[in-house]
Amino acid sequence: MPKVTFTNFGAEGDQTVEFEHGKLPFQDHGKPESLLDIAMNFGIHLEHACGGSCACTTCHVIVTSGDANLSEADDDELDKLDTAADLTLHSRLGCQAVVKGDVTVRLPAWNRNYVSEGGGSMNLGDAIPPPKI
Ligand code: FES
């Protein structure tokens, strides 16, 4: 059973989950058994403004161990990642990276701040905090 550890997820802290291949109900966002699909199945908040269709970068994560246990990034994912803030050699889009074995990922600082400032999925306009009175 693959183990996925999500780190740097702000108030949610570090969380490790295990799942059995073929047993998770698909959450209709991103690829089945992608990091996003797994996060959603376990109630872990990972932004996904485009609904998991490789059209934004809000699901950007950095793989800290287990790169080889993820599906290879295709050209669409690599092209989209080129536009991501805090890009690293271990960056992946959570909605596209399918988990094959144990892996640890962390949220880049930009995404963590986006969440803590009240960013909302499916509505990028919410990323702009309301004016302070
Ligand atoms: S949710 Fe938009 S690219 Fe992954």
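Me: Where is lysine 31 found?

Reply: In this predicted model, lysine 31 lies in the loop between strand S2 (15-18) and helix H1, where helices (H or I, at least four residues) and strands (E, at least two) are DSSP runs numbered from the N terminus. Residues are numbered from 1 along each chain as its sequence is written. Because the model is predicted, local features need pLDDT of at least 70 and side-chain atom pairs count only at pLDDT 80 or more, while totals for chains, interfaces and linings use all residues.

Me: Is lysine 31 buried, exposed or partly exposed, and why?

Reply: Lysine 31 is partly exposed, because 19 other C-beta atoms lie within 10 Å; a residue is buried at 20 or more such atoms within 10 Å of its own C-beta, exposed at 12 or fewer, and partly exposed in between, with C-beta atoms placed from the backbone.

Me: Which residues does lysine 31 touch, leaving out those up to four places away in sequence?

Reply: Lysine 31 touches Asp37, Cys95, Gln96 and Val98, a contact being two C-beta atoms, placed from the backbone, within 7 Å. Lysine 31 and valine 98 are 67 residues apart in sequence, yet their C-alpha atoms are 6.9 Å apart in space.

Me: Switching to the sheet, what is the strand order?

Reply: The order is S2-S1-S5-S3-S4 in an open sheet of five strands with mixed pairing, where two strands pair if DSSP finds at least two bridges between them. S2 and strand S4 (91-93) stand at the edges with a single partner strand each, so one side of each has no neighbour in the sheet.

Me: How do S3 and S5 pair?

Reply: S3 and S5 pair in the antiparallel sense over three bridges, and valine 63 has valine 105 in S5 as its bridge partner.

Me: What else is valine 105 in contact with, beyond four places in sequence?

Reply: Its contacts include Phe6, Leu35, Val61, Ile62 and Thr64. Valine 105 is also among the residues with the most contacts inside the largest nonpolar core, which has 20 residues; such a core is a set of buried Ala, Val, Leu, Ile, Met, Phe, Trp, Tyr and Cys residues joined through C-beta atoms within 7 Å.

Me: Which element gives the most to this core?

Reply: H1 does, with five residues.
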